[in-house]
Amino acid sequence: MADHDALPTAEQLQDLLLESPGFTEFLLELTAISASLLGGETPLLCAITVERDEGPSTVASSSEEARGLDERQYAFDDGPCLTALRQQHTVLISDLQSDEQWDWYARAVADEGIRTVLAVPIETDNGSRSALNCYSTRAGTFDPETVAAVEEHAASLSRILRLAIRVHPSEAYPEHLRSALQSRAIVDAAVSLIMVHNRCGREDAVKLLHLASRSSNRRLHDIAKDILQRASDIPVITPDGER
């Protein structure tokens, strides 16, 4: 890993915010800094995701490869970064090829050569949540020392990110994620139908929908769309993914 003593100072981050024309551009700079500081002999792909209650999410990636990996998570509305962001705890997948909990995600990114993922929440406020996501092609990249360094870096971004969120209002959804926002609305509608049909709570309905997506290896959006199109004959989704 790179020299972690080179974390940017508060003044440098403030200058970066002042010089950035918009919130997305600011996040892009932060991801570039993160990839440069945290990467070593094995380069890291980094991304930062910010979700706001009053508006769409903003995602910035250090490379096209990192952007593609993020889009896979949004297609399923699930993944290590979204889990770290929404549950506000660190998520480490030491080896995607042997991890049973995230085997569905490993299949989704199998063609990208990614072996390990580390997602760390960044503390924010004002109804927002954020996380730093790091990908590596080498298993074992994120040893305890490296995990601590990434968490330290994420903590160092908290203050300036909170300031940036206050300075910049919610922007138009990034073009490459516009379809993900539409998918989210469709998924929410399907979840409501599952709750009514199966007489269960929202959390159970979401779990059933995710299980169906993973077991069938279909996008969450596609299954939700099918459910809405057949609203007069809503299928029962079981924990085994049968419909």
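Reader: OK, how do helix H1 and helix H2 cross?
Author: Keep in mind that this is a predicted model. The axes of H1 (residues 10–19) and H2 (residues 23–38) come within 9 Å and cross at roughly 145°. The crossing is right-handed.

Reader: And which residues make the contact?
Author: From H1 you have Leu-13, Leu-16 and Leu-17, and H2 brings Phe-26, Glu-29, Leu-30 and Ile-33.

Reader: How many of those are nonpolar, polar or charged?
Author: Six are nonpolar, none is polar and one is charged.

Reader: Switching topic: how many residues are in the largest nonpolar core?
Author: It has 28 residues. Among those with the most contacts inside this core are Phe-26, Leu-30 and Cys-134.

Reader: Which element gives the largest share?
Author: That's H6, with eight residues. H6 spans 144–167, and other elements giving two or more residues include H1, H2 and strand E5 (128–136).

Reader: What does Leu-27 touch?
Author: Leaving out residues up to four places away in sequence, Leu-27 touches Ile-48, Val-50, Thr-58, Ala-60 and Leu-161.

Reader: What about a second core?
Author: There's a separate one of 22 residues, and Ala-66, Ala-75, Val-91 and Val-109 are among them.

Reader: Last one: where does Gln-88 lie?
Author: Gln-88 sits in the loop between helix H4 (80–87) and strand E3 (91–93). Its phi is positive, about 55°, although Gln-88 is not a glycine.

Reader: Is Gln-88 buried, partly exposed or exposed?
Author: Partly exposed, because its relative accessible area is 37%.

Key
Residues numbered from 1 in each chain as written. Predicted model: local features only at pLDDT ≥ 70, side-chain atom pairs only at ≥ 80, totals over all residues. Heavy atoms only, no water. Axes fitted to C-alpha atoms, helices over the stretch in contact; angles between N-to-C directions. Helix = DSSP H or I, 4+ residues; strand = E, 2+ residues; numbered from the N terminus. Left-handed = near helix turned anticlockwise from the far one by under 90°. Contact = heavy atoms within 4.5 Å. Nonpolar A, V, L, I, M, F, W, Y, C, P; charged D, E, K, R; others polar. Core = buried A, V, L, I, M, F, W, Y, C linked by side-chain atoms within 4.5 Å. Buried < 20%, exposed > 50% of the residue type's maximum accessible area, 1.4 Å probe, protein only.
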